[in-house]
Amino acid sequence: MEIGVDTPEMASLASDDSPLSAAVSLRDRNTMAMVHDALRRKDVMLAYQPVVNATGDMRPAFYEGLIRVMDDTGRIIPAKDFIGSVETNETGRIIDCLALELGLAALAAAPDLRLSINMSARSIGYPRWKQTLDRGLADDPTLGERLILEITESSAMVMPDLVSVFMRDLQEHGIAFALDDFGAGYTAFRYLREFYFDMLKIDGQFIRGISEDTDNQVLTKALISIARQFDMFTVAESVETAEDARFLQAAGIDCMQGYFFGAPAVQPPWESAGADRKTA
């Protein structure tokens, strides 16, 4: 998942009456206005990035659908540029609904596709989100078996008990769950026994340059070991070089995602000429 947020250092500097606070507030208002305009124009889309098997022929195991909006100049804006401004309010809930709607439509159009879609735990209980899912499953109950919902580690810890119940209910429809940005520092490991995640996506901060970073090598191997302990599939995010990919393969990662294997593309890769549409 592509998320960009302000650092804790910036947050601490941006006190209510500081010039930085005013600048951050103005930026957020401008971002909100841009997103609202895009939603009003329905200039919202998914960009698809492959998540490849780390063994064998390294074909895509599934794709991640990343939300994008288009500004009034025609620029496609990635989620990292606006999600921090909208995630905690209703605009964030609407974004989650639209991402799910677009994802379900893509699954319906490509019967052999498996797709992951991001959502915030804050959207649990939001009526429109559940209505969107219910409509999609009513039209084709098999969509749930090819849908993966990604919930960020920080979001899941906002309301862990509610997340557990939500996941248990939806897994009855065959829906799988991924804990996104795992290792970022929020999850109490005891909750892994109570959650129902099927896979852990290891945060990119541990993956970028891992072939030359012995500290991250140790940390990533530990995270892979934790996932195995709880019978969870592992995905390494932000894989950008062949050297990093080779290290991760040797470390026992199940899947890899990153620019080394393909950038997010608005045009569905499986529709491209000669694209291999087989998924696992």
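Start with Val-51. Its bridge partner in β2 is Phe-62. Keep in mind that this is a predicted model.

Now the two strands around that pair. β1 covers residues 44–53, and β2 covers residues 60–70. Nine bridges join them, and the strands run antiparallel. Together β1 and β2 make a hairpin, with six residues between them. Look at Gly-56 in the turn: its phi is positive, about 70°.

What else does β1 pair with? Strand β9, residues 255–257. That pairing is antiparallel too, over three bridges. Here Val-52 is the one to find: its bridge partner in β9 is Met-256. So much for partners.

Is β1 mostly covered or mostly open? Mostly covered. Nine of the ten residues in β1 are buried. As a general point, side chains in a regular strand alternate between the two faces of the sheet.

On to the helices. Two packed helices are described by an angle and a distance between their axes. Take α4, residues 90–109, and α5, residues 127–139. Their axes come within 9 Å and cross at roughly 5°. Angles under 35 degrees count as roughly parallel. Therefore α4 and α5 are roughly parallel to each other.

Which residues meet? From α4, we have Ile-94, Asp-96, Cys-97, Leu-98, Leu-100, Glu-101 and Leu-104. From α5, they meet Arg-128, Trp-129, Thr-132, Leu-133 and Gly-136. By type, this contact has seven nonpolar residues, two polar and three charged.

Terms used
Residues numbered from 1 in each chain as written. Predicted model: local features only at pLDDT ≥ 70, side-chain atom pairs only at ≥ 80, totals over all residues. Heavy atoms only, no water. Axes fitted to C-alpha atoms, helices over the stretch in contact; angles between N-to-C directions. Helix = DSSP H or I, 4+ residues; strand = E, 2+ residues; numbered from the N terminus. Parallel < 35°, antiparallel > 145°, perpendicular 65-115°, else oblique. Contact = heavy atoms within 4.5 Å. Nonpolar A, V, L, I, M, F, W, Y, C, P; charged D, E, K, R; others polar. Buried < 20%, exposed > 50% of the residue type's maximum accessible area, 1.4 Å probe, protein only. Pairing = 2+ DSSP bridges.
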